[in-house]
Amino acid sequence: MDIATWYQSTMAGASPLPVFPTVLFALISFSLFYQRTGWREAFLLSSVAWGTAVVMITEGLSIFNLLTFAGLTVTWLVFDTIATIILLIKIRKSGFKSLKLQFPGLSRFEYFVIACIVIIVLTTGLIAVVAPPNSFDSMNYHLSRILHWIQDRNVAPFPTHNTKQVILTPGTEYDILQFMLLSGGDGLANMVEWFSFIGSIIGVSLIARELRAGPKGQLFSAAFCATIPLAILQASNSENHLSTTFWLVCFVYFFLRPFNHPDSDSSTGEIVGTGLSLGLAILSKSTAYLFAVPFVIFVVLWVCFSKERRRIGLWMFTAMLVIALNSGEFVRDYSLYKTPLGPLVASQEYGYNNEIITPASVASNIIRNLALHLSTPSVTINDRLNRMITKIHDAIGISKNDPRTTWVGSLPFSIPPISFQEGLTENTLHLLLFLGTFGYCAATLRKTPRLAFYCLALAAGFLIFCVFLKWQDWNRRLHLPLFILGCAAAGAIIAQIKPGYVSNAIVCLFFVAAIPWLVAGQPRPLIGSTNIFNVSRNQQYFAERPNAYLPYEAAVQQIEQRQVSNVGLVLGPSHYEYPLWVFLSQSQKPLPRIEDVGVDNETNVLASSGSFRSFSPDILVVTLSSIMSDNTYRLDNRIYQRVWQSSNVIALYIPEKP
């Protein structure tokens, strides 16, 4: 099935039934791991097994240009068969352990906490299903690259004006690809992040257990995780922040488990899981390198200087798994950029790396990154905090908007009012909670050394982040792994507060505070005149760029009136591409082939190779104002004439007649 046949239905009409083979593998894996562990551990292990299978299948089919509906379906059925055989062998040897979700010994309040968590999860799930993916990054490159892969039947690089589509790590997009290609649309595209939200809640409760928290502390850790405003908003989109976080949560838990129980029969599985989950995290987002470094250093020291060195061979194999999962992306990056670390090139190309590293620059970044989560409802308090931070920068001799440590595309530093926008929302209460938690750990180092070292690793990850990456408004999203991992320590400590009604009140405060983001979060609100039930699906794609909706819709209507087989794109790197695919797919005609043309970056070399060499567009879609100012546009040896334009948003060009 080619993309022209596959993508004819509207996105909302995607069918979930064909997704069953990939979901079945996860269910079988869960059943297999549950035979020897608890349901929470089985959830994490089966998730890692599924994520690993996704990478293997996607990379394997891509080599042979078989990344199609049929290719995915058959391969997943093969994996299902193998997993079923292994499960049956296990059952024959040890019997079958049926699933029992029991919570013995919990108080009424703790059951109330579970109910609140479930409500948050179900509400975000409802939003994820009803609303289309509509964040700026998804419309700009996350989902666009997936459709190029489906069209090309492989995940090889392609010519593009937006190099984020080929240079950034693709792990989460591999996951979303399974649902989009099998279901026939983007109706399930948001479910990867929602699933990761659930996994993170479960995972931090397990990490809390490894930090010696009791059932109450584990439950409080889950509650704090479920109420993070940023996590709530990210749980219903199709980006990669929660999926990266989930894999990091798995990595930390799988390391802590053998560290605390080195002689356990199941520790071998956790050690292998450590490598697989770290590999998946790195493949999902390159910031995972920064946050994982302190834990990796601790693992290396522990393995080399303890009795654990008896299993150093197993740990070396685990390290190789990290490389193996990323090998396909390393090879593609090297072929295009002559370095296996494409994200490093991206950091340089887009100016993300700090240009100076001094005590003043690091202090500035620490202060400004913390300040991203200090917004309050009071303008007066925000202004006072802003003036105080300005004075601190004057004292240390560096500007709070120093271009050497501030990303060029960011807004000037300020402390704005509280935001409900998913890319700019802050986690003020959680930051205060974690600062108190870390302070407690520092003051009680001898009593709680395990908690103290865990908090130290998180603080070190934050420091590394501030040392290497420039400050920008959108760093809030990148902080998500630290916030979620920090919930494990916070829950363990808050649960110890006496009398108990104080700790209970704190948890209730976080549940109440989360409500506005749960029901009014942008760009997918449940309430208000623009809620997800009132606005059409097509219009919701442009929730963050509403002025572009009508021009894009009109442009596609113009294209549909012509006999078009090939559509060339000349788009700006910050313009929407994905909605063009969606709108064109809703036509009754076969979906035309869509490729970027006139590319002037490193991917231009790909235009003269393979099927790209013979691509000749029948019409050009242009969003660059520098081109739209002219009536003609030269592409290779052909002259294209402008035939339609909507204000300064989008224009169409067709070849001049000879």
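What span should the twelve residues of helix α10 have at 1.5 Å a residue, and how far apart are its end C-alpha atoms? Helix α10 (residues 215–226) should span 16 Å, and its end C-alpha atoms are 17 Å apart, which agrees. The expected span is 1.5 Å times one less than the number of residues in the helix.

This is a predicted model, in which local features need pLDDT of at least 70, side-chain atom pairs count only at pLDDT 80 or more, and totals for chains, interfaces and linings use all residues. Residues are numbered from 1 along each chain as its sequence is written, and side-chain values use heavy atoms, with hydrogens and water left out.

**Overall architecture**

- The protein has 27 helices and six strands; these are DSSP runs numbered from the N terminus, with helices being H or I of at least four residues and strands being E of at least two.
- A compact globule of 658 residues would have a radius of gyration near 26 Å, and the 25 Å of the protein agrees with this. The radius is taken over C-alpha atoms, and the globule rule is 2.2 Å times the number of residues to the power 0.38.
- The C-alpha trace spans about 85 × 70 × 50 Å along its principal axes.
- Among contacts with a separation of 6 or more, 79% join residues 24 or more positions apart; contact means heavy atoms within 4.5 Å.

**Burial and surface**

- Of the 658 residues, 59% count as buried, that is, under 20% relative accessible area, with exposed being over 50% and partly exposed in between (1.4 Å probe, protein chains only).
- The accessible surface comes to about 26,600 Å², and carbon and sulfur atoms account for 65% of that area. Accessible areas come from the Shrake-Rupley method with a 1.4 Å probe; for residues, only the protein chains shown count as cover.

- Helix α8 (residues 171–183) has 13 residues and reaches 19 Å from its first C-alpha to its last, close to the expected 18 Å.
- Because 13 of its 13 residues are buried, α8 is largely enclosed by the rest of the structure.
- Helix α10 is mostly covered, with ten of its twelve residues buried; among them are Gly 217, Phe 220, Phe 224 and Cys 225.

**Thr 318 in helix α15**

- Thr 318 lies in helix α15 (residues 312–337) and counts as buried at 3% relative accessibility.
- Apart from neighbours within four places in sequence, Thr 318 is in contact with Ile 271, Val 272, Thr 274 and Gly 275.
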